[in-house]
Amino acid sequence: MSILDSKSPSGPLAEKWTKHKANINVVSPANKRKLDIVVIGTGLAGASAAASLAELGYNVKVFCIQDSPRRAHSIAAQGGINASKNYQNDNDSIYRLFYDTVKGGDYRSREANVYRLAEVSGSIIDQCVAQGVPFAREYGGLLDNRSFGGVLVSRTFYARGQTGQQLLLGAYAALNKNIGVGKVQSFVRREMLDVIVIDGKARGVIVRNLVTGEIERYGAHAVVLATGGYGNVFFLSTNAMNSNGSAAWTAYRKGAFFSNPSFTQIHPTCIPVHGDQQSKLTLMSESLRNDGRIWVPKKMEDVMKLRKKQIKPIDIPEEDRDYYLERRYPAYGNLVPRDVASRAAKERCDAGFGVNETGLAVYLDFATAIKRLGKHVIEERYGNLFQMYEKITDENPYETPMMIYPAIHYTMGGLWVDYNLMTNIPGLYAIGECNFSDHGANRLGASALMQGLADGYFVLPYTIGDYLANEIMTPKISTAHPEFEKAEKAHKELINKIMSIKGKRTVDSFHKALGIIMWDNVGMARNAKGLQKAIEEIKALKAEFWKDVLVPGEANDLNQELEKALRLADYFELGDLLARDALNRNESCGGHFREESATEEGEAKRDDENYAYVAAWEYKGDAEPQLHKEDLKFEFIELKQRSYK
Ligand SMILES: Cc1cc2nc3c(=O)[nH]c(=O)nc-3n(C[C@H](O)[C@H](O)[C@H](O)COP(=O)(O)OP(=O)(O)OC[C@H]3O[C@@H](n4cnc5c(N)ncnc54)[C@H](O)[C@@H]3O)c2cc1C
């Protein structure tokens, strides 16, 4: 019997959330005023949650690493946000969004959670429009939509290529209103180091003031982590440089289960790596696949000439181009899900048809769309993305195809949460990308923003009351409690330990080395031998780090090398768990591709009999982590081999 209770409500799919809301506890306005909530993170999930909780009357303290809440990583989101409004009259529905998401995630998510996500998706758009988010509109004034991968309808709402920024400005305005009236206290340039657990319940946090280096304590009746994903464990990713997994990791070390860490998403359309001094990769939004066609040459001689710059891509005639996604997946074409598109690009490049000097790139070509719609339409739709591409590569994508290659982008894994978004530590919640909840083994494009805002605006504000209703008699949490003392001491010691190594290697050089181990063995294709090798190599690198890392500067000061070193120390452990989880899951599903488990056509082959579960790992100190399984039950969707043909 699993120790994990998902608390998924029983009954008909479409009634679960309504029934659940009717049955959970509610806190009165007078009592909400007595309760303190700490929210860590001000991306779309954290900002929307903090604003909504304050609006309800709770006392909220919100923390972020950046110098302003509005500079959280969510600001980078480009392409759009899904909602099943059916504005295009193309037969979209809540059920279809639910179905696409479960299928897109390769049947490794909870039905009840995903249906709720689809159900509240429409309200997100209404809320954001009311805040003034400038979504793109059609000529007649209605909100416009475009398509994203893995679906046959157009349900993605967007604000040019800056959807995340505009949505975050909306959430930030809502947050600011509550800062203004004193219901939210905002703490910027603070990094949470530990969650404080007292008598089994989350009761606060300690944070490092990143400007002064001081450690500060904050008590609360509940703690909400909205700290984003851990893609930067791979060093090179599309994530912001200071995105990190440490808050979730520290919760894991305190007893919160970490789920499906190996479910990482590789995005097919990123600007290829161009040198070993690079520290970040740039995403070219999936929205571009609405109009861009992906191809490589059919003939090896053309590939060779391209590499030697003897010909240009536009010199290759139509009949000599292999539009491999359209060829392999006629129904979805260039809009297959990300895992499928990434693997198909890898397959062509592995076969030798990659088009840049390294052989690790394919074309994303807009010539057909420009001919059909005119340059001005393409400029209107994607202008800022084209400009960004040109700035980085010095090539004009209106005139020559973009070159793209898959890169690490998003993490579906994260802290285990139940239907209320609570971890297995009472009072500790995880929302947005930092939980594992809704996307299974592969997230569909434009669904992360939907999930973050669903969690923050429409789910947590209801479900947190169920727990807090039993806390109304709990007085303010005193930060003089020995658990705060203990955590502060332990982290001071850890910081001193890192500072005193004074070795020869930079933090980045270790992080790069970790990234190479991860990408080579735990990246787009995984096998048992490679995963075992990764575990050994990470162990050796970690030992080396603790002997030879150099962190200049002082601990009691602004010190970005120290910040990076502390995050990297966690990444070694997270990377190890990621590889272990990938090794344990001897099936392919979504972004997790085990070479041992492929169909004859090279597609991911699931093993539903043995692996239709959420893996939830429990920290066991120096011993091996313990695996718990939450069985996934599919009552409303038939499990099938995924097909996008
Ligand atoms: C380039 C790019 C484009 C994308 N485009 C899209 C898109 O078009 N549509 C879509 O749906 N998704 C998109 N995504 C994914 C999406 O942007 C993210 O999944 C989502 O924004 C995550 O939001 P979040 O609120 O969970 O976390 P984040 O936005 O990552 O915010 C994390 C917050 O936590 C804080 N934090 C982290 N650790 C700590 C700590 N220890 N202490 C204190 N604070 C901490 C940070 O300061 C930050 O405020 C894109 C991602 C990238 C990288």
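## A first look at this predicted model

Strand S1 and strand S2 (residues 59-63) pair in the parallel sense over five bridges. The model is a predicted one, in which local features need pLDDT of at least 70 and side-chain atom pairs count only at pLDDT 80 or more, while totals for chains, interfaces and linings use all residues. Residues are numbered from 1 along each chain as its sequence is written, and side-chain values use heavy atoms, leaving out hydrogens and water.

- Strands (E, at least two residues) and helices (H or I, at least four) are DSSP runs numbered from the N terminus, and two strands pair if DSSP finds at least two bridges between them.
- Strand S1 (residues 36-40) is largely enclosed by the rest of the structure, because five of its five residues are buried; buried means under 20% relative accessible area, exposed means over 50%, and partly exposed lies in between (1.4 Å probe, protein chains only).
- Asp36, Val38 and Ile40 point one way from S1, whereas Ile37 and Val39 point the other way.
- In a regular strand the side chains alternate between the two faces of the sheet.

**An open sheet of five strands**

- Five strands in the order S11-S15-S14-S12-S13 form an open sheet with antiparallel pairing.
- Strand S11 (264-270) and strand S13 (321-322) are the edge strands, each pairing on one side only.
- S11 and strand S15 (residues 402-411) are joined in the antiparallel sense over five bridges, and Thr264 has Thr411 in S15 as its bridge partner.

**Salt bridges**

- A salt bridge here is a side-chain nitrogen of Lys or Arg within 4 Å of a carboxyl oxygen of Asp or Glu, and the count by this rule comes to 52.
- Asp126 and Lys85 meet through their side chains in a salt bridge (2.6 Å, N to O).
- That pair links distant parts of the chain, 41 residues apart: Asp126 is in helix H5 (residues 111-131), and Lys85 is in the loop between strand S3 (81-82) and helix H4 (94-104).
- Arg372 forms a salt bridge with Asp291, with the closest N and O atoms 3.5 Å apart.
- This pair also links distant parts of the chain, 81 residues apart, with Arg372 in helix H11 (residues 367-373) and Asp291 in the loop between S11 and strand S12 (293-297).
- Arg372 is exposed, at a relative accessible area of 57%, whereas Asp291 is buried, at 8%.
- Arg348 and Glu347 form another salt bridge, their closest N and O atoms being 2.9 Å apart; Arg348 is buried at 13%, and Glu347 is partly exposed at 34%.
- A network of salt bridges links several residues, among them Asp106, Arg108, Arg585 and Arg642.

- Asp199 has a positive phi, near 45 degrees, in a residue other than glycine; Asp199 sits in the loop between strand S6 (190-198) and strand S7 (201-209).
- Asp199 counts as exposed because its relative accessibility is 77%.
- Lys502 is not a glycine, yet has a positive phi of about 45 degrees; Lys502 lies in the loop between helix H14 (482-501) and helix H15 (507-522).
- Lys502 is exposed, with a relative accessible area of 60%.
- Asn556 lies in the loop between helix H16 (528-548) and helix H17 (560-584).
- The C-alpha atoms of Asn556 and Arg208 are separated by 9.8 Å, although the two residues are 348 apart along the chain.
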